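Please open the structure in your viewer and follow the stops below in order, selecting each part as it comes up.

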Amino acid sequence: MRRLFMLCLALTCLQAQAETYRWTDSAGRTVISDTPPPGQTKSVVKTGEAAEAGEALPFATRKAMASFPVTLYTSADCVADCKQAQDVLNGRGVPFTEKMVQKQEDIDELKQLVGDAAVPSLKVGKQSFRGFDGAAYNNLLDLAGYPKTAPYGSKPAGGLSQ
């Protein structure tokens, strides 16, 4: 009997970790299901393991991320400095968006942010820094409340490109 109970408990735990989907159907009802929505449904929110990854972040990181999102501006020809910038962010476990400057509107946005099209450039909340300087990057991240080191087992955040 005890083994049967343990088996049922294990199966329940496995099912609890399954991905779920939430969407609004054509009648305006919110649907939550373990199967993907049909066809061309919009505004689908996928929960489960992907959502738990964000919840696994330390509280300080989630709090800083909500108030001071981090964007790293890079380009295809920026190699050494952009890699160092990514390493600083990943070393601290900072979730960030990497924006590759490719189009004219990207260049204009960067010029408005830091004065010219210099990469790497870092934006933390409303503050920004042109070029790479590890001490300056760390100062901006400290002021925003990001932890000084990445939590054990964290994965690099680079590659969340826009």
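Begin by selecting helix α4, residues 80-91, which lies across β4 (70-74), β5 and β6 and runs at about 165° to β4; helices (H or I, at least four residues) and strands (E, at least two) are DSSP runs numbered from the N terminus, and lying across rests on contact, meaning heavy atoms within 4.5 Å. Angles run from 0 to 180 degrees between N-to-C directions, with axes fitted to C-alpha atoms, for helices over the stretch in contact. This is a predicted model, in which local features need pLDDT of at least 70 and side-chain atom pairs count only at pLDDT 80 or more, while totals for chains, interfaces and linings use all residues. Residues are numbered from 1 along each chain as its sequence is written, and side-chain values use heavy atoms, with hydrogens and water left out.

Next, select helix α5, residues 104-114, which lies across β4, β5, β6 and β7 and runs at about 105° to β7.

Now show the strands, which form an open sheet of 4 in the order β5-β4-β6-β7 with mixed pairing (two strands pair if DSSP finds at least two bridges between them). At its edges are β5 and β7 (127-130), each pairing on one side only. Strand β6, residues 121-124, runs antiparallel to β7 and is joined to β7 by 4 bridges; select Leu122 and you will find Phe129 of β7 opposite.

Finally, select Glu98 in strand β5 (residues 96-100). Which side chains does Glu98 make a polar contact with? The side chain of Glu98 makes one with the side chain of Thr74 at 2.9 Å and another with that of Gln86 at 2.8 Å, a polar contact being a pair of N or O atoms within 3.5 Å, where within protein one must be able to donate a hydrogen and the other to accept it, and residues adjacent in sequence count only if both atoms are side-chain atoms.
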